[in-house]
Amino acid sequence: RNQCFMAAGDLENQAELEEKTRLINQVLELQHTLEDLSARVDAVKEENLKLKSENQVLGQYIENLMSASSVFQTTDTKSKQK
């Protein structure tokens with residue numbers, strides 16, 4: 001009887017240990033996933049700042065081209081008619 005009881009206790013302890021191990025592995029996997037996602041967010045933020053800066057440069061360049069081109073200048077039709 002004692003052997004049966006001890007065997008059942010050992011099995012219960014083994015099952016608890018396996019469950020704890022499974023949970024620990026799951027937590028570690030979730031931590032790694034969170035780290036990966038956090039790194040990805042940082043990379044996307046950095047890329048976003050870079051693209052914003054490039055857009056500002058391009059916007060300024062386009063404005064300069066438009067101001068230098070006679071096509072985009074406002075014309076005074078009355079002075080041309082005279």
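Is Arg22 buried, partly exposed or exposed? Arg22 has 43% relative accessibility, so it counts as partly exposed. (Buried here means under 20% relative accessible area, exposed means over 50%, and partly exposed is in between, with a 1.4 Å probe and protein chains only.)

Before going on, a word on what you're looking at. This is a predicted model, where local features need pLDDT of at least 70 and side-chain atom pairs count only at pLDDT 80 or more, while totals for chains, interfaces and linings use all residues. Residues are numbered from 1 along each chain as its sequence is written, and side-chain values use heavy atoms, with hydrogens and water left out.

**Overall picture**

The protein has two helices and zero strands; both kinds of element are DSSP runs numbered from the N terminus, helices being H or I with at least four residues and strands E with at least two. Of its 82 residues, 0% are buried.

Helix α1 covers residues 2-68. UniProt, in an unreviewed entry, lists residues 20-54 as "coiled-coil region"; such annotations may be inferred rather than shown by experiment. In the model, that stretch is 100% helix and 0% strand, with 51 Å between its end C-alpha atoms.

Side chains of opposite charge can pair when their charged atoms come close. Arg22 does this with Glu19, in a salt bridge at 2.9 Å, N to O. The term asks for a side-chain nitrogen of Lys or Arg within 4 Å of a carboxyl oxygen of Asp or Glu, and the count comes to one. Both partners sit in helix α1, three residues apart, or about one turn of the helix.

**Surface patches**

A patch takes residues with over 30% relative accessible area and no salt bridge, joining like charges within 9 Å and nonpolar side chains within 5 Å. Tyr61, Ile62, Leu65, Met66, Val71 and Phe72 make a nonpolar one, with about 640 Å² of accessible area together. Asp42, Glu46, Glu47 and Glu54 form a negative one; Asp and Glu count as negative, and the charge is placed at CG of Asp or CD of Glu. Glu47, like Leu65, belongs to helix α1.

Here are some partly exposed residues:

| Residue | Relative accessibility |
|---|---|
| Glu19 | 37% |
| Glu47 | 38% |
| Leu65 | 44% |

Terms used
Accessible areas come from the Shrake-Rupley method with a 1.4 Å probe; for residues, only the protein chains shown count as cover.
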